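Here is a short note to read alongside the model. The points below cover its nonpolar core and its salt bridges.

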Amino acid sequence: MITIIFFSNAVNANIQIDQSNLPAWDGNWTDMSRDQSQTFQPGLPILTGIDIDILTINPHLVDDIITVKILKSDVVLASVSQLVTAGLSELLHFDFPTEVVLNVGETYVLSVLGTKDTFGWKFGGDT
């Protein structure tokens with residue numbers, strides 16, 4: 001339902017895309033002032049970063065801090081936050097501070113949360 005790209009660094013330090021879910025955007029979005037999440041099953045054992053597709057929905061609320069977490073059975077495996085400038089409407093990249101070790105094929109949760117209603121998380125009808 002939500003647009004997301006998962007990244008892993010290969011041994012030679014080249015970025016390798018594990019998964020990409022970029023459907024044509026049909027104008028739908030969900031606000032990030034409430035914890036939004038999506039499950040995923042990794043195809044690679046190491047996760048280094050994630051891109052999410054956002055848009056500014058309330059520019060008068062100005063900048064916001066967006067936090068991305070990876071969870072397994074309600075346990076936070078990784079978390080990263082960044083300040084995002086109002087007006088941004090594109091893929092936003094988050095690098096985790098350390099590599100996240102995952103079990104290929106198991107189900108994990110990607111959680112995204114802002115502190116106010118400045119941004120929305122885009123989604124398409126076929127995701």
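1. Which residues have the most contacts inside the largest nonpolar core? They are Ile52, Ile66, Phe96 and Leu110, in a core of 22 residues. A nonpolar core here is a set of buried Ala, Val, Leu, Ile, Met, Phe, Trp, Tyr and Cys residues joined through side-chain atoms within 4.5 Å. At least two residues of this core come from each of β5, β6, β7 (75-84), β8, β9 and β10.

2. A word on the basis: this is a predicted model, where local features need pLDDT of at least 70, side-chain atom pairs count only at pLDDT 80 or more, and totals for chains, interfaces and linings use all residues. Residues are numbered from 1 along each chain as its sequence is written, and side-chain values use heavy atoms, with hydrogens and water left out.

3. The count of salt bridges (a side-chain nitrogen of Lys or Arg within 4 Å of a carboxyl oxygen of Asp or Glu) is two. One joins Lys122 to Asp53, at 3.8 Å from N to O. Lys122 sits in strand β10 (residues 119-123) and Asp53 in strand β5 (residues 46-56), so this pair ties together parts 69 residues apart in sequence. Strands are DSSP runs (E, at least two residues), numbered from the N terminus.

4. Lys122 and Asp53 are both buried, meaning under 20% relative accessible area, with exposed over 50% and partly exposed in between (1.4 Å probe, protein chains only).

5. Glu106 and Lys72 also form a salt bridge, at 3.3 Å from N to O. Glu106 is in the loop between β8 (91-101) and β9 (108-114) and Lys72 in strand β6 (residues 64-72), so the pair links parts 34 residues apart in sequence. Glu106 is partly exposed at 31% relative accessibility, and Lys72 is partly exposed at 24%.

Terms used
Helices (H or I, at least four residues) and strands (E, at least two) are DSSP runs, numbered from the N terminus.
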